[in-house]
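Take a look at the model below. We will start with the whole chain, then go inside, then stop at single residues.

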Amino acid sequence: MRKNLFIFLLGIFSVSAAFAQQTIVRGSVKDAATNQPIPDVKITIEETLQSTKTDANGEFSFTTNVPLGEQVLNVSKAGYITARYPIVVNEGRTVNIEDMSLNIDVSDSADLFTITLSDDELNDDTSGADNISGLLQSSRDVFLRTAAFEFGSSFFRVRGLDSENGTVLINGVEMNKMFNGRPQWSNWGGLNDVLRNQEFTNGLAPSSYNFGGILGTTNMNVRASKYRKGGRITYSSSNRSYTNRMMASYSSGIVKGGWAYSMSLGRRWGNEGYQDATLYDANSFFLSIEKRINDKHSLNFTSFYAPNRRGKSSPNTQEVYDLKGIKYNEYWGWQDGEKRNSRIKRIEEPVFMLNHYWNISDKTTLNTNVAYQFGELGNSRLDYGGTRLNGDDIIIGGGSNPSPAYYQKLPSFWLAQEDGPNYEQAYLQEQRFINDGQIDWRSMYQANRENTGGLSTYMLYEDRSDDTEFKANTILNTEINENITFNGGINYKKLKSENFAEVLDLLGGQGYLNVDSFDGLQYNTLNPNLVVGRGDKFKYNYNLFADVIGAYAQALFKYNKVDFYLSGSYTNTQYQREGLYEHEAYAGNSFGKGEKVKFNGYGLKGGLTYKLTGKHLFDVNAAYISKAPSLRNTFSNSRENHNIVGFSNGISVTGKDITEEKITSVDASYIYRSPIVKARLTGFYTKMEDANEISFFFADGLGGDNSSFIQEVLQGIDKKHIGAEIGIEAQVTPTIKLKGAASIGQYTYDNNPDLYVTSDDFANTNGFEYYGKSYIKDYKIAGGPQHAASVGFEYRDPDYWWVGATTNFFSNTYLDISPILRTQNFYQDSDGLPFNDYDPALARELLKQEEFDDYMTVNLIGGKSWKIGDYFVGFFASVNNLLDKQFKTGGFEQGRNANYRQLRDDVNAPKRVFGPKYWYGRGTTYFMNVYFRF
């Protein structure tokens with residue numbers, strides 16, 4: 001008995017001694033104002049870059065490979081000012097640093113950015129360039145934050161990449177649209193206060209939620225238990241997109257019974273933003289409710305709904321800008337004393353989400369999510385092709401283009417007459433355009449009321465995409481041991497997209513004949529000569545279906561000197577079109593269900609971080625990804641037929657099948673971190689292969705002198721992105737921070753892809769014309785400046801006021817080229833032989849890509865906050881483009897003059913009739929914000 005007791009006591013002593021000899025750093029973090037624990041705070045030991053996060057009670061611990069001696073804990077979370085706490089670690093001892101505090105970052109520019117940019121340019125399909133800045137707003141990296149906040153208004157793209165190369169998730173559920181692969185920011189616009197908890201992984205770095213794209217992953221955590229208890233009321237004023245905004249939000253924190261909830265309401269409105277008649281009308285609703293069932297299981301329900309309407313603005317030729325200025329917008333006109341915009345974008349797509357969180361053990365979690373989204377997306381526009389049947393059942397009618405900037409209504413048209421300039425008409429048109437230059441709603445109403453039979457020649461309709469989407473995924477995270485973590489998931493997405501045109505306003509008429517006035521074809525032979533009224537479908541009517549199932553797995557290895565990871569993914573994608581109309585030009589290839597299009601995508605990536613010291617790190621990442629093209633770039637003309645890229649009416653056009661897009665990407669970085677200076681220098685290379693692009697426009701000069709409305713299909717595009725980026729910031733004093741960032745890139749087409757055009761005018765050639773190669777190799781890819789730099793400073797006063805200024809430089813911005821101008825059609829006459837007056841030297845000059853002028857902008861930002869008891873009142877404001885610099889952000893060549901002779905004559909005219917269309921950046925704009933937090 002004594003012997004057993006001795007062994008037992010010895011065992012207890014030995015275990016106690018072992019624990020006593022273990023080196024541990026533990027502690028907790030609280031909100032400096034509320035004294036409440038803060039979850040998900042990142043704690044980093046600066047010397048080794050070991051990091052962990054606080055739990056729901058605000059507590060953390062380091063128990064393995066803890067460095068000895070003097071160390072510094074870096075304590076950070078979005079929305080708070082980063083703090084640094086010095087500690088001394090002795091071997092075999094426990095450092096217990098409780099109640100570390102974080103102060104709210106009252107100058108958190110992420111709020112300003114999210115309000116002004118994601119509600120504004122991010123989802124504006126008339127902006128001329130896709131904007132990736134929303135993907136970067138939660139990054140703490142100085143270069144990426146600069147790219148988001150300072151470069152965003154110039155439509156700068158990090159590494160020249162579209163937003164479809166990044167992934168946006170909410171509670172682990174992917175929100176990128178299957179139609180074009182891009183996030184639709186408007187679905188959660190105006191919900192800034194409840195979308196602050198974001199986790200961003202840059203580029204190829206591994207994410208805990210999915211395999212990700214080459215531009216990184218952003219996950220917005222909207223679990224109710226993760227919000228700090230309290231509320232916030234905000235009012236904002238601006239002259240950018242909307243003029244007023246009100247927002248209110250409240251979060252309960254965890255209350256009795258394990259419940260938590262968070263809610264937000266918002267409204268944004270304005271009759272006119274910076275551009276003329278760009279109305280804004282948006283509401284936002286958010287609710288998240290969580291129930292902690294026990295220590296292992298939690299359920300969270302989230303719903304958000306952000307219906308919005310906004311008026312679009314037009315791209316314009318330089319002639320139009322010279323006459324009317326950069327605020328001019330051709331899409332509106334006066335009606336009953338108010339500005340009426342004909343191009344309204346409307347989105348109503350609520351989202352419902354249920355999340356289950358299972359803490360299987362201290363080291364293993366399983367997160368399972370389901371989401372359902374449905375609703376409407378509409379884009380309105382005028383139609384002027386209304387017709388009627390005469391006594392012989394012959395289709396007659398059609399109107400003139402109501403656009404006030406239509407080329408025949410501008411001075412350039414009258415100066416380019418074949419028999420010489422008509423100066424009188426040119427002057428009259430110039431004065432008319434200067435003094436008015438807007439849509440004449442009254443004349444359209446009058447024309448419709450005077451029509452025989454009462455059918456409308458002019459009408460307003462909406463292009464609709466009504467999506468119903470179901471998503472489900474499950475994500476496993478497990479810590480295998482102190483060095484190895486495994487992460488994997490399975491996901492499923494199912495989409496039904498109903499696409500049609502719907503009559504909005506007959507503009508005084510009694511109906512509209514559902515016939516194509518341009519060529520007299522029936523839109524639907526199953527119901528010919530149908531007269532439609534308000535709320536009816538017409539023109540086109542079809543469904544798109546998509547089924548996607550995928551899986552990924554990744555392993556992360558962390559050691560004292562080296563961290564590395566390996567990740568793989570597989571995705572199966574199926575698309576199908578179902579036509580509900582039978583188009584007369586595509587009988588047998590438009591009605592019913594078409595064939596299923598199937599793709600198999602694979603991904604493999606890996607990376608390594610070598611920690612030379614705690615200050616000097618080297619990081620390398622590489623990936624190879626094959627992925628399905630988006631729905632948009634799979635069907636060449638889904639409004640009218642089943643054709644997929646590469647085929648027309650069952651006939652191979654290019655001799656190539658549509659295939660997966662391939663991406664090869666690599667980057668290497670040097671990272672420096674010290675208490676004063678943080679810097680990163682990165683070189684990157686990305687190669688994209690087998691992409692497709694589809695465009696729609698009216699073209700003259702096809703096959704010599706023919707004209708048609710066409711679908712231009714570019715198949716098998718390769719692109720190359722190469723460059724370097726640097727970001728550096730220095731905390732030179734406790735109150736002053738200097739910062740700088742720069743990116744130098746070269747983004748070019750890397751081959752000569754196949755080009756063909758389709759049109760219902762090509763009935764004698766099976767609906768297509770193949771033009772061979774489009775010689776675009778080495779042309780620059782349009783999409784914002786390829787070179788950008790920024791220098792600036794921030795001053796934060798201990799009395800809670802702050803100010804900052806940046807100067808930004810942009811260059812190497814290019815016009816988007818027209819691929820059809822760079823095919824054999826450009827130099828061939830109608831007999832297939834080259835034009836007899838073709839001049840190769842002049843042709844090269846005509847086809848030279850336009851580079852926009854370099855420019856510089858200055859931005860200011862500042863604010864002040866007050867603590868009144870337990871409450872906060874804050875104010876901040878910003879001024880962008882302080883010097884009111886005018887600059888082009890994007891534009892495109894018009895493909896209308898599709899051959900050498902027509903382009904030559906247009907360029908040589910006194911003023912170009914079909915010159916490029918441009919988007920200009922805004923002049924000086926402001927944003928002001930006042931909030932009350934409790």
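Among contacts in the protein chain between residues at least 6 apart in sequence, 71% join residues at least 24 apart. Contact here means heavy atoms within 4.5 Å. This is a predicted model: local features need pLDDT of at least 70, side-chain atom pairs count only at pLDDT 80 or more, and totals for chains, interfaces and linings use all residues. Residues are numbered from 1 along each chain as its sequence is written, and side-chain values use heavy atoms, leaving out hydrogens and water.

The protein chain has nine helices and 50 strands. Both are DSSP runs numbered from the N terminus: helices are H or I with at least four residues, strands are E with at least two. The radius of gyration is 30 Å, close to the 30 Å that the globule rule gives for 934 residues, so the chain is as compact as a globular protein of that length. That radius is taken over C-alpha atoms, and the rule is 2.2 Å times the number of residues to the power 0.38.

Now go inside. Of the 934 residues, 56% count as buried. Buried means under 20% relative accessible area, exposed over 50%, and partly exposed in between (1.4 Å probe, protein chains only). In soluble globular proteins, nonpolar side chains tend to be buried together. A nonpolar core is a set of buried Ala, Val, Leu, Ile, Met, Phe, Trp, Tyr and Cys residues joined through side-chain atoms within 4.5 Å.

The largest nonpolar core has 29 residues, of which M459, F538, Y575, V597, L631 and F635 touch the most other members. Strand 31 (537-558) is one of the strands that each supply at least two residues of this core. Its share is the largest, at six residues. Look at V597: among the residues it touches are Y575, F635, I644 and I658. A second, separate core of 28 residues includes L702, Y747, I781 and L847.

Next, find D750. It sits in the loop between strand 41 (736-749) and strand 42 (754-758). Is D750 buried or exposed? It is buried, because its relative accessible area is 16%. Its side chain makes a polar contact with the side chain of K687 (3.2 Å). Such a contact is a pair of N or O atoms within 3.5 Å; within protein, one must be able to donate a hydrogen and the other to accept it, and residues adjacent in sequence count only if both atoms are side-chain atoms.

Finish at M856, in strand 46 (residues 855-868). M856 is partly exposed, with a relative accessible area of 33%.

Technical notes. Lists of a residue's contacts leave out its neighbours within four places in sequence.
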